[in-house]
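Open the model in your viewer and keep the selection tool ready.

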Amino acid sequence: MLNLHHLNSFVMLEQTGSFTETALRLGIGQSTVTQHIQRLEKSLGRQLVFRDTHQVRLTAEGEALLGYARGMLELNGKVASLFGESRLRGRLRLGVSEDVVANRLTAILEDFIRLYPLVDLELTVALSAVLHQMQDEGDLDLVLAKRHVGETHGRLLYREPLVWLARDPDLILSRGNALPLIAFPPPSITRRVAQEALDREKMPWRIVCTCESLSGLTAAARAGMGVLVQPRSMAPSGLKEIPADRLPVLEDAEFVLIPRRGADAALTEALSSLIKAQIVPQHQRNAA
C-alpha cells in the first residue's frame, strides 16, 4: 500500500519544482519531504524524481505515477469529506484577476478540489475592477484581485512592484515617438498606473494593443509591438524589464482577498488559506 502522505509530498513537489517550497506549503521539514520521496521510490522500486543543482523534475516513471497519485488523493479527500467531522459542502463563487490566473492559480484550484470535493467551485476570470463590481452586485463570494496603493477594501496579501517589460527595450525606446503601450482595456489597474506615470512626466504614449487576455498581450509584447506593464514576479518569459532610469517609476500593486459579506465564512476561509499559502511570497507571509 502506498502512503498517502508520501503521495501528497510527491504531487506537491511536481507542482512547485522545489523541495524547499514543497516543505513550506505542507508545513513540514525539507528533510521530511526528501524522506517521503525516497520511501515512495523504494516502495515502487523506481526512480520518480530527477534532482540536480538547477531543477527538480519527474522521470518518465514519475509522470506515469502522477495521475494515479492525484486520483488517490482526490478519492481520500472525498472519503474524508463524507465521513469526517468537518464536512464542507455548498457553492463557492471565486473571482480572480487575469494575471494571477496565468501564473499561480492551477495548483490552488487543484488542492481545493482535492481537499473539499463536496464544494461546487465556480471560477470567474476578469479585470480586477470588473470583479469588484460583480461582487458588489452579489455575483461573487470571494475575489482575488489587485487594488491601488492607498485603497482599503479587502484583506491585503502582499505588495509588489509593477515594471515595464519589452522584448527589446533598446529598440522600443529608440523609436523616438510616442511610447507604444500594450494593455488591458479600461478599467485595468495596470493600464491606469502606466498612463498616469507617463502623463506626470509628460511623455507621449499610444495604445498599440488592447486585449482582455494576458496571453494575447504577451504575444503582442513578444512580437515587439510595444511595452507591457505587469507585476515583477508575473513577468512573462521572453520579455525584459526596462531599467528604472529609462521610463517613469511605477507604483506598486497590492493583491487582496475580498470575501463577500454574507458568504459562507467556512468556505471562503478554507480557500483563502490555500491562496495565502501558495500565492504570497515567503518573506511577506508573516506580514500578510
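A salt bridge is a side-chain nitrogen of Lys or Arg within 4 Å of a carboxyl oxygen of Asp or Glu. This is a predicted model, in which local features need pLDDT of at least 70 and side-chain atom pairs count only at pLDDT 80 or more, while totals for chains, interfaces and linings use all residues. Residues are numbered from 1 along each chain as its sequence is written, and side-chain values use heavy atoms, with hydrogens and water left out.

Select Arg-147, Arg-159, Asp-252 and Glu-254: salt bridges link them in a network. Within this group, Arg-159 and Asp-252 meet at 3.3 Å, N to O. Arg-159 lies in strand β6 (residues 155–166) and Asp-252 in strand β11 (residues 252–259), 93 residues apart; strands (E, at least two residues) and helices (H or I, at least four) are DSSP runs, numbered from the N terminus.

Next, select Glu-269 and Arg-155, whose side chains form a salt bridge at 3.5 Å, N to O. The pair joins helix α10 to strand β6 across 114 residues.

Now turn to the largest nonpolar core, which has 41 residues. Such a core is a set of buried Ala, Val, Leu, Ile, Met, Phe, Trp, Tyr and Cys residues joined through side-chain atoms within 4.5 Å; buried means under 20% relative accessible area, exposed over 50%, partly exposed in between (1.4 Å probe, protein chains only). Helix α10 (residues 265–279) supplies the largest share, six residues.

Finish at Ile-275. Which residues is Ile-275 in contact with, leaving aside neighbours within four places in sequence? They are Ile-108, Leu-142, Leu-144, Leu-157, Leu-257 and Val-280, where contact means heavy atoms within 4.5 Å.
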